[in-house]
Amino acid sequence: MALFPAFAEVSKNRVEESSSKELDWLNNKSFQTGDALSLHNRFSEKPNQREESVEKDDASSDEEERGDGPSRKKKKKSEKKRKKKKSHKKKNGSDSETIYPSDLIKEEKGIREQPVLLGSRFSWLDDLQSPTEHPFCVDCKPDAANWTYKSLYRGDVARYKRKGSSTLGLDFLRQGVSWEESETKKKKKKANSGNQDERYFSVATRKLLRSEAPVSVISVTPESSDVINSSSFLPLGDAEQESMGQSGDKAETSVNPLGVYDSSTALWLQGKGLQGDQKQETETEEKSGYAVGRTEEFNRRLREQPTDTQLWIQFIRYQDELSTAAFRGDEEQQGGDLAERRKSSYRAILEKKLSIADRAVETNPTCIALHLERLRICQELWEPSALAKEWKKLVFLHPNSAPLWKKYLLFTQSYFSSFTVTKVNSSYGKCLSTLSSVRDGSMVSHPALPGIEDDMLDIFIQQCHFLRQSGHSEKAVSLFQAMMDFTYFKPDSVKNLPTKQQVDFFETFWDSGEARVGEVGARGWKAWMTEQERGGWVQPPAEEEEEEEDEDEEEVKDRSLPRGTIWLDVESSREALHWLPWRPDKAKGQSEEDCEDPDRQVLFDDIGPSLICLSSQELQLRFLLSFLSFLGCPVDSVLTAAPYQPSTFLENLSLLTQGTELQRPLTSFSLPETGINSVGHMTTLQGTRKWLGLGKQGEKFVTNVFSMLQPVLPPPHRAVLSLSWILYEKLKVLHCLRSGNKKRLRIQGKRSKRVAKRLLKEPDNRSSLVLWREYAHLEWLLGNLDEARKVFTTATALGGTRGLSSPALCELCLLWSQLELENTVKELGEVNDVTTSPAVMLLTRLAEGSSSSSSSQTISPVSILKARRSFEQSLSSSLSSLEQNMQNPQLNKKATQDDPQEKELRLRGLVGCYALFQYLTVSIQAAIAVYSQARERMEELHRSLTPEKQLDGSETTSRLLVSRLASDCEEIAVQQAALLRYNNNVGVCPLATLRQMLTSALSSWPCNAALWSIYIQVENRYHSAGRARRFFYTVTRDNSSVVPRLFAIVAEQHRKQLVDAAQRSCCLDEALPILPENGLSNRIRGLFEGAASTETGAHCPLVWRMYIHFLVSEGKADKARGIFYKALQSIPWVKGLYMDAVQLFPEHLQEFVDLMTEKELRLRLPLEELDILLED
């Protein structure tokens, strides 16, 4: 049949007539013509005939239904007839009525011949007598639900439970079917349990607990639209009580007559109040609403200001505040579940912070701070390999960013899984060579950023200290030697070349075998190249050295000691002896093969990439002082500037134990300790040095360095170098005094005096009051008081009549008067007559401008009044001129370059002299008034100096001015604290004055170790520690430095010693093997954990070493060993940490030595060599 039935005959004729078969696709052979015609005839029937047929079918179907009540069937039938008649009347009997498919099917079923027995009724298959061709029954009754729901009823669909997920007929290795299980039962169970209470482990309950903030949040929205900057507070008034009507006030009066109950208690007494669940829901809504408000405010501001990087960082940090608020106060309620909750939600918070950081980086791709914040988050989420790859990618994209390089280097040297000394050292070389290319302009794609040379010098110094801490002191010293030649002895012909070409020229000099800086016969790179152009020079024969006898001493002195102790002694002694790189002595016919330890030789490939160019004299002086500090010489902290990560260098307990000398209460802080070990002093935390300085070889090296550098330095820098040299000699004398060895003190005193006199004989130093002052102090320390007074008198005569206008003269007279005051109190016990006091006479003559060598032994009261007037006027004028100079750094730029120490701006001497004069002639309150006046104005000036004002002139000059001002403020605060402590020791004065002064000073200068030492000494007199703990918490909360945290630990350790001693004294008859627990041990452990969790404390060797020693002292060796391995994850490069572990856990010596070998730390005594030494 054709596809179109109405034209079937036409189509048929065309097909027969046409000979072609191109239209065969129009024929539908499965379609029967008779069926189509019958269907068409039924469409054209009259409506009443169709209605009658339908009614008959309905009647027959109703008769077939089984039912109990016939009346019910008739009622249903009549209703159906009525409905159909109404519908037909509405259609007005039209032939165009809608024909439903169900009606057509019923009519067709009625016309067809069907088996009567099986097709007209339902019956069981087993009841049939004989099987038929069509064993099924047709149900002619329509189902109205199909029209309503457009689908079958779910009960009519067969369902079954699947046992297993396998499928028959499939190859389970290659094929498979994923079956999705129905969730009907789960949904049904969830719907049924909606009215039941949730269990504590349910998802909804955990989500509710995480979203709660237990602290009370302000219900009233702040007026300011800036929700982020609005400070939250707890209102003291009862908002609920104020919101109640006046009708409730009368009821409350009877229940709460005194007004001591809060609103909830008053309501409870009245029998009213909200239900617990309702109240909890209200509080939860308020707290969550506040958090949502802040989050929406962040989102709104970030949409408006997507380039505000600080706002992005604040939003990331705000996620921590949300998590803290969710868990604050839950310790008492949750108990052990709190840790699990924190652990489960911590990763979710990290993921959320990471998503915010990704969005911020995508919006601001050039912001380094956002990249660093993102990597800080990723450090706890990603694998080490992925994290290292991301760091390298970031450094590759921003090669000109020195702060980014610093962070990357700290990451490489502190990541234990991928750490080795060689890898980190090569990273330092790559960093410095890349930054040098950026500085020279060789890397055209990235411009040089401001201050790139300062950052390069910081990275270079950090590399040298890294090598020293890892035991490779030879490489560190070689780096400094090469930089000395590369900076001060560079030939003029290569100065204008790029850094890489200069390094290539320098390599020929380094490999030539010529003597280097600090070695005997060294002339420098410039002189060597000049002589090479002329034909070279003849190497003179070296002098015979008599130092071999000391090296031939037996290293193992006591073989009965434990194996670990012997290894520590030999390793420390070799470290002290062999910190200089080994060079073959050509006079003795030595070659490189004669070196017993190949690691003592330094190749140029290890140091060449790290050489940098320093163009300014300020940076060159800073580099020189850093080298002297590396060797152990005291230097000016302002000129050296603080390193990038000062906490990574702290290894020495001397930082925490200074200022305890009672014989010198006023002058004990003249040489502050830095807490950084010098080269050659690699030992355990509580170990002693092998000798005083650097040994014979080291002392000769330092002398050669000073002698070689003095001729090439400008006069101001030469004065700084001479001052550092004489301070180094004074420091060695102080160490001899503390040790109590009189013979060593006498020998060292002669050497130091010889050096000081040689320095003062030089023409440039003859009028230097600073050097005269230090030499006089040296004589005083050696006990030569008369000789010291003669030196002081000579120095004041050199000062002339400048008087108070000379800061150097003021500092000299201040030191002299302090020494005289200490000596007077030591001999007489107190100062009786002010007019005969040597200190008052000195200060009066200084104010008058006369020489201190006057023969008069008494001072008139009129002279004292005139001196006080002169001090007051001089201090006022000096403070005014200081403010002018600091506000206009351009006016003082030339003076700063001529005088790196800015003596004209130093007020510490003038303020100290005036305050001491007031203390001796009036009272301690007058001295406090002087200090307060000076400190207030100077600290206010320091706070007013914004970064924009600091950069008005030269950047380095402005930085030095501000650093000098801060140093003066700290020094004046230390002077005031020392004077108040001295006054409390010799007289009667309330400690509240000293404590108040210390707290105010430490709030301004929280990194000053001298002030913290005095504060701890004062607070140790009290058994109540609450005030000190609150102050420590306040300072450490707002400061990221590790110094306040270390002193907080020391204060608790001192308190624990006092408590333990008191407990022992109470039980004299019985021994106490274990002292009762007083809680201080747990507090100290908490302080250690808190310090180690900060970014600066995690990389501070002193924190971890003190922590391990404390746990061992408490008898917790296993925990201490665990902390050692935890410390390795943060500071794997510190050799001293491994030496502490060998001392505390000697049974694991082999394990620790293997770790050092694996990480390529410098090992001077392998265990195989130790066994050979013990056998011999």
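**Notebook: helices, burial and charge patches**

I counted the secondary structure of this predicted model first: the protein has 53 helices and 0 strands. Both are DSSP runs numbered from the N terminus, helices being H or I of at least four residues and strands E of at least two. I noted that residues are numbered from 1 along each chain as its sequence is written.

I looked up burial next. Of the 1176 residues, 44% are buried (under 20% relative accessible area; exposed is over 50%, partly exposed in between; 1.4 Å probe, protein chains only).

I then went to S654, in the loop between α29 (637–640) and α30 (695–709). S654 has a relative accessible area of 16%, so it is buried. Leaving out residues up to four places away in sequence, S654 touches E673 and G675 (contact: heavy atoms within 4.5 Å).

I turned to surface charge. D511, E592, E593, D594 and D605 form a negative patch (residues with over 30% relative accessible area and no salt bridge, like charges joined within 9 Å, nonpolar side chains (Val, Leu, Ile, Met, Phe, Trp, Tyr) within 5 Å; a salt bridge is a side-chain nitrogen of Lys or Arg within 4 Å of a carboxyl oxygen of Asp or Glu). I found E593 in the loop between α26 (563–577) and α27 (604–607); its relative accessibility is 66%, so it counts as exposed.

I also found a positive surface patch of K743, R746, K750, R751, R754 and R758. R746 lies in helix α32 (residues 742–760).

Conventions: Predicted model: local features only at pLDDT ≥ 70, side-chain atom pairs only at ≥ 80, totals over all residues. Heavy atoms only, no water. Areas by Shrake-Rupley, 256 points an atom, 1.4 Å probe, with all protein chains shown as cover. Lys, Arg positive; Asp, Glu negative; His and termini not counted. Charge placed at Lys NZ, Arg CZ, Asp CG, Glu CD.
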